[in-house]
Amino acid sequence: MNSAESLKSTYTPAPAHRYNVGDKVKVKVTFPPGHRRTPQYIRGKQGVIERICGAYPNPEELAYGFDGLPLKVLYRVRFPQQHVWANYAGPANDIIEMEIYEHWLDPVR
Amino acid sequence: MSNPHHDYYARSHHDHEHGHDHAHDHDDHKHPNPANEHDNGPPGEYEIMSRAMQELLEAKGIIKAEQITKRMEQFDEEFPYRGAQVVARAWVDPAFKQRLLTDGRAACAEMGTMLEAERLIAVENTPDVHNMIVCTLCSCYPRGLLGMPPTWYKSRNYRSRVVFEPRAVLREFGTVLPENVTVRVHDSNADMRYLVVPMRPARTEGWSEERLVGLISRDMLVGVTVPKAPE
C-alpha cells in the first residue's frame with residue numbers, strides 16, 4: 001500500500017490549532033520573497049475561520065526541497081467580497097473562501 | 001541511436017532551424033508523451049526536462065513507457081467521468097451526499113473511486129448558494145475526478161477575474177443568478193481540491209444514477225454552469 005492509498009480522509013488531525021471555526025482572523029500584511037500560497041489580494045483582509053483542514057508540511061519549505069517540518073495548521077477562511085474588493089459589483093452576501101496557513105493569520109479581538 | 005525519442009528531438013530541432021517560433025503554454029506540456037497534440041514547434045524547456053527525466057527513469061528500470069501511456073489513458077478516458085458519477089450518487093443517496101460533504105476523499109473511496117493524493121472538499125449548491133472554483137495561483141484542479149483542466153480554467157483571464165467579478169464570468173458561461181443567491185467563490189490556493197455538487201434538476205424523479213450522469217458536465221462541477229431540467 002503506498003502513502004496515497006493509506007490516506008483515507010481529506011483532513012488530518014491538528015490538535016495544536018490556534019483558531020477555531022467561527023474565529024475572526026486577519027491575514028498578515030507582509031511580502032516575503034519566495035514561494036507563498038497566500039494570494040497578495042487577501043493580505044490585510046479580515047475573515048472568519050470556515051474549517052480546519054489539518055496540519056501539513058509547510059509548502060513554503062517544500063518548494064525549496066526541505067522537509068516542510070514542523071507541520072503547519074491549514075484553515076479555510078471566509079471573507080465578504082465587498083470587504084476584499086472596495087469596488088465589488090455584486091451584493092453584500094457574496095463571499096470568497098481560501099486556504100490560509102496559521103502563520104499567516106493574526107487574531108481579531 | 002535505437003532510442004526513438006532521439007528522432008523526436010531531431011524533428012523538433014529541425015523545426016527550430018527553420019525559424020518556427022511558437023509561444024509555448026507550459027501548462028499544456030505536462031504530458032510526457034512525445035506524440036502530444038501541440039507538436040508544432042521546438043519543445044519547451046520543461047518538456048525537454050520531462051522527457052529527459054522519463055528516459056532516465058526508464059533506463060534505470062524504475063518505470064516503463066507503458067506505465068506512462070496507461071496513466072495518460074486514465075487521465076483521458078477514466079478520470080474525467082468520475083466526478084459525474086460521484087455527484088449522481090449524491091443526488092440519489094442523501095446519506096452519501098452528507099458523507100461526501102463531510103469528507104470528500106473518504107466518500108469517494110466508499111464508492112470505489114480511489115483518489116491518489118487529492119484531499120477533496122465537496123461544496124453543495126442550494127437555492128441560496130452557488131459555488132464556483134478557481135485557482136488564482138496556478139491551476140489546481142481535482143484531476144482524479146475531472147481529468148485534465150480545460151484551457152479556460154488555466155487562463156489568466158479566468159484566474160484573475162473569478163475572484164473579483166464572479167457574476168460577470170458566470171454570465172459569460174450563460175449562468176445568470178439572482179442577487180439573493182450568494183455566490184461563494186473558492187480559491188483553490190493550497191492543499192485542498194474542490195468539487196461543486198450542483199442541484200439535481202427538476203423532472204428527474206425516479207431516474208437511475210446512470211441516467212443522471214448524462215445530465216452532468218465538467219463545467220457544472222467547477223461551478224460555471226448548472227444542470228438544466230430535461231425537456
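This is a predicted model: local features need pLDDT of at least 70, side-chain atom pairs count only at pLDDT 80 or more; totals for chains, interfaces and linings use all residues.

Q: How much of chain B counts as buried?
A: Of its 231 residues, 32%.

Q: And what share of the contacts in chain B comes from residues 24 or more positions apart?
A: 68%, counting contacts with a separation of 6 or more.

Q: Which residues touch the most other members of the largest nonpolar core?
A: That core has 64 residues, and the ones in question are A:Ile100, B:Val87, B:Met132, B:Val134, B:Leu195 and B:Val196. Helix 3 of chain B, residues 65-92, gives the most to this core, with seven residues.

Q: What is B:Val196 in contact with, leaving aside neighbours within four places in sequence?
A: Its partners include B:Val123, B:Asn125, B:Met132, B:Ile133 and B:Val222.

Q: Switching to the interface. How many residues of chain A are in contact with chain B?
A: 26 residues of chain A, against 28 of chain B. Strand 4 (95-101) of chain A supplies the largest share of the chain A side, five residues.

Q: What's that side made of, by class?
A: 16 nonpolar, four polar and six charged residues.

Q: In which sense does strand 4 of chain A pair with strand 3 of chain B?
A: Parallel, over four bridges. Strand 3 of chain B covers residues 182-187. Within strand 3, B:His186 is the bridge partner of A:Glu97.

Q: Last one: what follows helix 2 of chain B?
A: B:Gly61, with a positive phi near 75 degrees. Helix 2 itself has 15 residues, 45-59, and reaches 21 Å from first C-alpha to last, close to the 21 Å expected.

Methods:
Residues are numbered from 1 along each chain as its sequence is written. Chains are lettered from A and ligands numbered from 1 in the order in which they are written. A residue is buried if 20 or more other C-beta atoms lie within 10 Å of its own, exposed if 12 or fewer, and partly exposed in between; C-beta atoms are placed from the backbone. Two residues are in contact if their C-beta atoms, placed from the backbone, lie within 7 Å. A nonpolar core is a set of buried Ala, Val, Leu, Ile, Met, Phe, Trp, Tyr and Cys residues joined through C-beta atoms within 7 Å. Helices (H or I, at least four residues) and strands (E, at least two) are DSSP runs, numbered from the N terminus. The expected span of a helix is 1.5 Å times one less than its number of residues. Ala, Val, Leu, Ile, Met, Phe, Trp, Tyr, Cys and Pro count as nonpolar, Asp, Glu, Lys and Arg as charged, and the others, Gly among them, as polar. Two strands pair if DSSP finds at least two bridges between them.
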